[in-house]
Amino acid sequence: MSMKGLLVFLAMIGFTVTANLLLKTGAAAGGPGQPMIHLLNWRIALGLASFGLAACFYIVILQWLPLNVAQSFAAAQFIAVILASTWLLSEPIGFSQWLGISLIAGGIAVVGWSQQ
């Protein structure tokens with residue numbers, strides 16, 4: 001993958017991580033039993049916009065790579081979201097999550113090696 005492709009992937013992953021963090025903090029800000037109040041929360045609005053930007057970057061990636069390869073590499077966003085939730089929201093990562101992270105990383109590596 002070229003440097004340009006890597007930067008576009010990193011942008012997509014960054015916007016996805018940002019979106020997830022904003023949605024989580026926005027959801028936590030609203031009270032239970034008040035689902036419509038979430039729609040007025042600035043974090044929710046920015047989170048949805050961030051998902052939209054991530055989708056725009058993903059569309060660019062799809063122009064360069066086959067869907068099966070692009071989606072395999074995009075799985076790195078799951079690892080990034082888990083790590084970000086630990087670093088920024090102090091959510092714990094258990095053994096089974098670390099195992100899942102390892103399996104995802106291994107799958108991405110296998111797909112990457114198969115593209116050379």
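## Overall fold

The secondary structure of the chain amounts to five helices and zero strands, and in sequence order the pattern reads α-α-α-α-α. The model is a predicted one, and the values reported here are computed from its atoms.

## Burial, contacts and surface

The chain has 116 residues, of which 30% count as buried. Its accessible surface comes to about 7,300 Å², and carbon and sulfur atoms account for 73% of that area.

## The packing of H4 and H5

Two packed helices are described by the angle between their axes and the distance between the axes. For helix H4, which covers residues 76-89, and helix H5, which covers residues 95-114, the axes come within 9 Å and cross at roughly 150°. Because angles over 145 degrees count as roughly antiparallel, H4 is described as roughly antiparallel to H5. The crossing of these two helices, H4 and H5, is left-handed.

## Residues at the H4–H5 contact

On the H4 side, the residues that take part in the contact are Ala76, Phe78, Ile79, Ile82 and Leu83, and they meet Trp98, Ile101, Ile104, Ala105 and Ile108 of H5. Sorted by class, the contact of H4 with H5 has 10 nonpolar residues, with no polar and no charged residues.

Conventions: Residues are numbered from 1 along each chain as its sequence is written. This is a predicted model: local features need pLDDT of at least 70, side-chain atom pairs count only at pLDDT 80 or more; totals for chains, interfaces and linings use all residues. Side-chain values use heavy atoms; hydrogens and water are left out. Axes are lines fitted to C-alpha atoms, for helices over the stretch in contact, and angles run from 0 to 180 degrees between N-to-C directions. Helices (H or I, at least four residues) and strands (E, at least two) are DSSP runs, numbered from the N terminus. Angles under 35 degrees count as roughly parallel, over 145 as roughly antiparallel, 65 to 115 as roughly perpendicular and the rest as oblique. A crossing is left-handed if the near helix is turned anticlockwise from the far one by less than a right angle, and right-handed if clockwise. Contact means heavy atoms within 4.5 Å. Ala, Val, Leu, Ile, Met, Phe, Trp, Tyr, Cys and Pro count as nonpolar, Asp, Glu, Lys and Arg as charged, and the others, Gly among them, as polar. Buried means under 20% relative accessible area, exposed over 50%, partly exposed in between (1.4 Å probe, protein chains only). Accessible areas come from the Shrake-Rupley method with a 1.4 Å probe; for residues, only the protein chains shown count as cover.
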